[in-house]
Amino acid sequence: KSLIAVAKELNENGIHFVVIASANSALQEVNIKPKDIDFVVKYEDVDLALSCLSHFFIEEIHSPEQYVLHLGVFGVDVEIRGNKNPNSPHIKALHAKKETKLNGEKIFILPLEKSIEFYEGIGKTEKAKELREFLNKKK
């Protein structure tokens, strides 16, 4: 319900996004129970995301490279992140997305192979290893 609510608002406002991390893996049949939902958008779209999702707003964090929104959506922690660096793992994820549908709503996910690269790029090698093992078992 939370993922669909956020995706609907982002889609209706023309904001390109990708779901990353554990929620992304769960959407692709990895046996994991996400504790939160992480989205990536373009840095310049974070203000628009804040505007259309303001009723869920908890806090925002600015740094020279990133702009992060923390939301509470129907009891679920949601993070929306924009990064200025075009070579950051987050922005690379945004460019590698693929479309799927969940209850009729367009959801953009990161293929699991690209998720491995993402996790390695942010230093979460154990998560990358777990996904690699999952994919090897599926073969």
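Q: Which residue in the turn of the hairpin formed by S6 and S7 has a positive phi?
A: This is a predicted model, in which local features need pLDDT of at least 70 and side-chain atom pairs count only at pLDDT 80 or more, while totals for chains, interfaces and linings use all residues. Residues are numbered from 1 along each chain as its sequence is written, and side-chain values use heavy atoms, with hydrogens and water left out. Helices (H or I, at least four residues) and strands (E, at least two) are DSSP runs numbered from the N terminus. Two residues separate S6 from S7, and the turn residue with a positive phi of about 50° is asparagine 103.

Q: Which residue in S7 stands opposite threonine 100?
A: Strand S6 (residues 98–102) and strand S7 (residues 105–109) pair in the antiparallel sense over five bridges; pairing requires that DSSP finds at least two bridges between two strands. In S7, the residue opposite threonine 100 is isoleucine 107.

Q: Which residue in S2 stands opposite valine 18?
A: Val18 and Ile20 point one way from strand S1 (residues 17–20), Phe17 and Val19 point the other way, and all are buried. Buried means under 20% relative accessible area, exposed over 50% and partly exposed in between (1.4 Å probe, protein chains only). S1 pairs with S2 in the antiparallel sense over four bridges. The residue opposite valine 18 is valine 40.

Q: How many residues apart are lysine 8 and glutamate 12 in helix H1?
A: The two form a salt bridge with their closest N and O atoms 2.4 Å apart, the criterion being a side-chain nitrogen of Lys or Arg within 4 Å of a carboxyl oxygen of Asp or Glu. Lysine 8 counts as partly exposed at 39% relative accessibility, whereas glutamate 12 counts as exposed at 52%. Both lie in H1 (residues 2–12), and their separation is about one turn of the helix, or four residues.

Q: Are arginine 81 and glutamate 79 buried or exposed?
A: Their side chains meet in a salt bridge with an N to O distance of 2.7 Å. Both residues are buried.

Q: How many residues apart in sequence are the parts tied together by arginine 132 and glutamate 120?
A: The closest N and O atoms of this salt bridge are 2.7 Å apart. Arginine 132 belongs to helix H6 (residues 125–138) and glutamate 120 to helix H5 (residues 112–121), so the pair ties together parts whose separation in sequence is 12 residues.

Q: Of the residues that line the largest pocket, which are the closest to its centre?
A: The volume of the largest pocket is about 310 Å³. Its lining divides into seven nonpolar, two polar and eight charged residues. Helix H2 (21–27), strand S2 (36–42), strand S5 (76–83) and H5 each supply at least two lining residues. Of the 17 residues in the lining, the closest to the centre are Ala21, Ser22, Asp36, Asp38 and Lys124.

Q: What radius of gyration does the protein have?
A: The C-alpha atoms fill a box of roughly 45 × 35 × 25 Å along the principal axes, and 45% of the 139 residues count as buried. The radius of gyration is taken over C-alpha atoms, and the globule rule is 2.2 Å times the number of residues to the power 0.38. For 139 residues a compact globule would be near 14 Å, which agrees with the value for the protein, 14 Å.

Notes: On a 1 Å grid over the protein atoms alone, a cavity is a set of points where a 1.4 Å probe fits but cannot get out, and a pocket is an open set with protein on both sides within 12 Å along at least five of seven lines; lining residues have an atom within 4 Å of a point. Grid points are joined across faces, edges and corners, and a volume is the space filled by probe spheres set on the points. Ala, Val, Leu, Ile, Met, Phe, Trp, Tyr, Cys and Pro count as nonpolar, Asp, Glu, Lys and Arg as charged, and the others, Gly among them, as polar.
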